[in-house]
Number of protein chains: 2
Amino acid sequence: MAKTAPKTRKTVRTPPVTTAALARLRDAGLRPTRQRIALAALLFDGHPYGRHVTAEMLFDEARKRGARVSLATVYNTLNQFTEAGLLRELVVDPGTSHFDTNMGDHHHLYFEDSGELRDVDAGGIEIKGLPATPRGAEVARVDVIVRLRRR
Amino acid sequence: MAKTAPKTRKTVRTPPVTTAALARLRDAGLRPTRQRIALAALLFDGHPYGRHVTAEMLFDEARKRGARVSLATVYNTLNQFTEAGLLRELVVDPGTSHFDTNMGDHHHLYFEDSGELRDVDAGGIEIKGLPATPRGAEVARVDVIVRLRRR
DNA sequence: TCAATAGATTAGAATTATTCTAACTAAAGA
DNA sequence: TCTTTAGTTAGAATAATTCTAATCTATTGA
């Protein structure tokens, strides 16, 4: 094995990988651990228009990239990210939760055959005739899901 | 044990219980078994404005009424009823499916704190600005879920 | 009427999705 | 540096749902 270049410092530094992901974790008050950095990088880096993943999907992806993470940690992390406002949980499919990195106000097209999810910006959409919000309650969010099937 | 009244016929007849439930099963082409009759009666009889149940809820209810049904059968039956167009599956909550006896065109209010679901007739609702249906696809259904929380 | 057959139905067992918690790790204070 | 505390991880446990072998029911033919 080739010898590495001599160290100029004794203190070990975390290598400056995926700065964006790191900053996100810091801002959310989550400790930037190896596992979280890897998952945040997969979720957010290089995906300007958002992603939709299940825990299983993200786990497989992490494994392929050689990250050592358990499926339980992927679940825990997705839930923490959701709690911290980095992700949004989406329930379209009985049996699995999807997580959406797009935190803007939007709705979804759901292709039932393939399972694909596509965002629809809420900007151009108007919903008329919804009943008044019941006393003592407030609207947390309105979800519109257009379910599509192959014709 | 007291002797029962003498039979006037040799042929054994299914007693004329829950005629409405029975008719529904017949129309849907499902064999009216003891389990299905019991579950259909619970779901449809005396609930003119529709019900929202999970498998677990219906199972508990059936047990309380003394019906001998397994939880697996409740799942199977709910799925068969859905397939047959007697029910509609509703996914609002990660982790559980709800089944809705209201087959009319409608949307939902979902109280996140209590888990309560309330129907909103689609008649008075208009959604403007949805994108064009993609090529090769057709709209199976549009779900609007207003998620409410305690204020 | 009765037995044989085919197909539908049931429910215990298996699987899949998710959460829980004990062990581990990192950060903060002395 | 050592100790304490709180956060984090992942194996084990749980919850939700499906699968399939055994059972039951309806039908057909004798």
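Predicted model: local features only at pLDDT ≥ 70, side-chain atom pairs only at ≥ 80, totals over all residues.
**View 1. The interface of chain A and chain B.** In this interface 37 residues of chain A are in contact with 37 residues of chain B, contact meaning heavy atoms within 4.5 Å. The two chains bury about 3,300 Å² between them, 60% of it on carbon and sulfur atoms; buried area is the accessible area (1.4 Å probe) that two parts lose on being put together, summed over both. Val91(A), Glu138(A) and Arg147(A) supply 17% of the area that chain A buries against chain B, more than any other three residues.

**View 2. Salt bridges between chain A and chain B.** Four salt bridges are counted between the two chains, each defined as a side-chain nitrogen of Lys or Arg within 4 Å of a carboxyl oxygen of Asp or Glu. Among them is the one that Arg147(B) forms with Asp143(A), with the closest N and O atoms 2.8 Å apart. Strand 7 of chain A gives the most to the side of chain A that touches chain B, with 14 residues; helices (H or I, at least four residues) and strands (E, at least two) are DSSP runs, numbered from the N terminus.

**View 3. Strand 6 of chain A beside strand 6 of chain B.** The two strands run antiparallel and are joined by three bridges, and strands are taken to pair if DSSP finds at least two bridges between them. Ile127(A) has Ile127(B) as its bridge partner.

**View 4. The surface near DNA strand D.** Of the 19 residues around DNA strand D, Arg31(A), Thr33(A), Arg36(A), Ala72(A) and Tyr75(B) come nearest, a residue being near if one of its heavy atoms lies within 4 Å. A phosphate oxygen of DNA strand D lies 2.8 Å from a backbone N or O atom of Arg31(A), while another view of the phosphates shows a polar side-chain atom of Arg36(A) 2.5 Å from a phosphate oxygen. Helix 4 of chain B gives the most to this surface, with five residues.

**Notes.** Residues are numbered from 1 along each chain as its sequence is written, and chains are lettered from A and ligands numbered from 1 in the order in which they are written. Local features need pLDDT of at least 70, side-chain atom pairs count only at pLDDT 80 or more, and totals for chains, interfaces and linings use all residues, while side-chain values use heavy atoms, with hydrogens and water left out.

Conventions. Polar contact = N/O pair within 3.5 Å; in protein donor to acceptor, adjacent residues only side chain to side chain.
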